[in-house]
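The following exercises concern a predicted model. Please work through each task with the sequence and the structure at hand before reading its solution.

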Amino acid sequence: MKSPLPVRDGVNATRLRLPHDGPWETALEYMLHRWGHLDPQGILDRFDAGEIVGETGAPLDRTTPLRDHVFIWYYRTLPPEERLPVELSILHQDGDLLVVDKPHFLPTTPGGTYIQESALVRLRKLLDIPDLIPMHRLDRMTAGVLLFSTNPETRGKYQVLFEKRKVQKEYECVSAVVPEDGFADPEFPALVRNRMTKSRDYLLAQVVDGEPNTETRIERVEIIEPPHRTAAHDDAGHPRGRALYRLEPHTGKTHQLRVHMASLGLGILNDPFYPVLLDQAPDDYDRPLQLLARGIRFVDPLSGKPVEYRSKLTLSEARRD
């Protein structure tokens with residue numbers, strides 16, 4: 001459902017679904033019930049200023065009955081955010097597509113404590129394109145190629161490519177050469193297939209029994225640092241050497257690549273989630289997750305020609321000492 005309010009400061013208006021019934025006579029009473037403990041005067045001020053609107057864009061007031069609307073829209077009060085010390089770079093831009101290199105630590109879209117500090121909001125403000133929409137997403141901790149639609153009229157043609165899995169993605173990661181204890185040495189290229197689920201209430205994705213819904217082809221590209229014969233870890237803490245891997249996902253589940261590498265005993269370097277969930281700690285910008293969306297390719301639905309976009313970033317642990 002399209003918002004009747006325009007994007008403001010790079011951020012979409014928030015949509016709220018009102019209940020069909022309850023002890024509240026007005027929309028104002030319901031909003032005070034939901035958020036009155038946080039900012040009751042701010043809610044009253046929004047109603048008085050006409051900043052809370054219904055489906056047609058008409059403003060509500062303090063007396064608007066609850067049952068007059070199913071959805072209402074309003075602008076949130078955005079908390080101050082410290083700018084993340086990472087930068088986006090533009091790889092390609094035309095009238096229909098924007099392709100960028102997203103850095104580690106920057107989320108694709110607003111969420112949680114990151115609103116202004118998301119790739120989407122940064123780019124909307126930088127380029128003055130309020131209709132900018134991401135065509136897919138990268139985890140906050142993953143860097144690399146990220147596509148946005150700049151034109152609502154052609155957006156659907158590109159969305160269909162992703163929906164029908166006609167977009168080929170290539171990732172790179174750095175992990176160990178030798179798997180963790182208890183895991184057999186895999187043969188490469190390896191094809192990992194399993195069934196994954198992820199609940200909104202639980203931080204991690206889980207592998208469960210059942211028909212596979214994920215698939216990744218994994219290839220070892222090169223050994224960056226051979227394993228040490230006398231120690232499980234070298235002086236820098238790299239377990240059993242380092243190698244660069246190419247990952248080609250045929251599906252797109254959340255955390256799929258991180259889970260699939262960990263399932264081989266080759267958890268991606270600097271991953272705080274897999275194979276072991278570490279205690280929450282501040283971001284360490286010197287130790288980014290060693291996962292990069294290296295490239296993306298597809299047949300452009302407008303020109304009919306194959307296109308490919310490649311990241312110019314390099315994983316820090318992929319460099320030889």
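**Exercise 1.** Determine how many residues lie between strand 3 and strand 4 in their hairpin, and in which sense the two strands pair.

*Solution.* Step 1: strand 3 and strand 4 form a hairpin, with three residues between them. Step 2: strand 3, residues 89–93, pairs with strand 4 in the antiparallel sense, over four bridges. Step 3: for an individual pair, take Ser89, whose bridge partner in strand 4 is Asp101.

**Exercise 2.** Identify the buried residues of helix 1, explain why they lie on the same side of the helix, and name elements that cover them.

*Solution.* Step 1: helix 1 spans residues 27–35, and Ala27, Leu28, Tyr30 and Met31 are buried there. Step 2: these residues lie on the same side of helix 1 because they cover an arc of only 160 degrees around the axis. Step 3: their cover includes strand 1 (14–17), helix 2 (40–48) and strand 2 (71–74).

**Exercise 3.** Carry out the analysis for helix 4, residues 155–163, and state which residue just after helix 4 takes a positive phi.

*Solution.* Step 1: the buried residues in helix 4 include Arg155, Tyr158, Leu161 and Phe162, each with under 20% relative accessible area. Step 2: they cover an arc of only 125 degrees around the axis, and therefore lie on the same side of helix 4. Step 3: among the elements covering them are strand 4 (97–102), strand 6 (143–149) and strand 12 (291–299). Strand 5 (133–134) and strand 7 (168–175) also belong to this cover. Step 4: just after helix 4, Arg165 takes a positive phi of about 60 degrees.

How values were computed: Residues numbered from 1 in each chain as written. Predicted model: local features only at pLDDT ≥ 70, side-chain atom pairs only at ≥ 80, totals over all residues. Heavy atoms only, no water. Buried < 20%, exposed > 50% of the residue type's maximum accessible area, 1.4 Å probe, protein only. Arc of directions from axis to C-beta. Contact = heavy atoms within 4.5 Å. Pairing = 2+ DSSP bridges.
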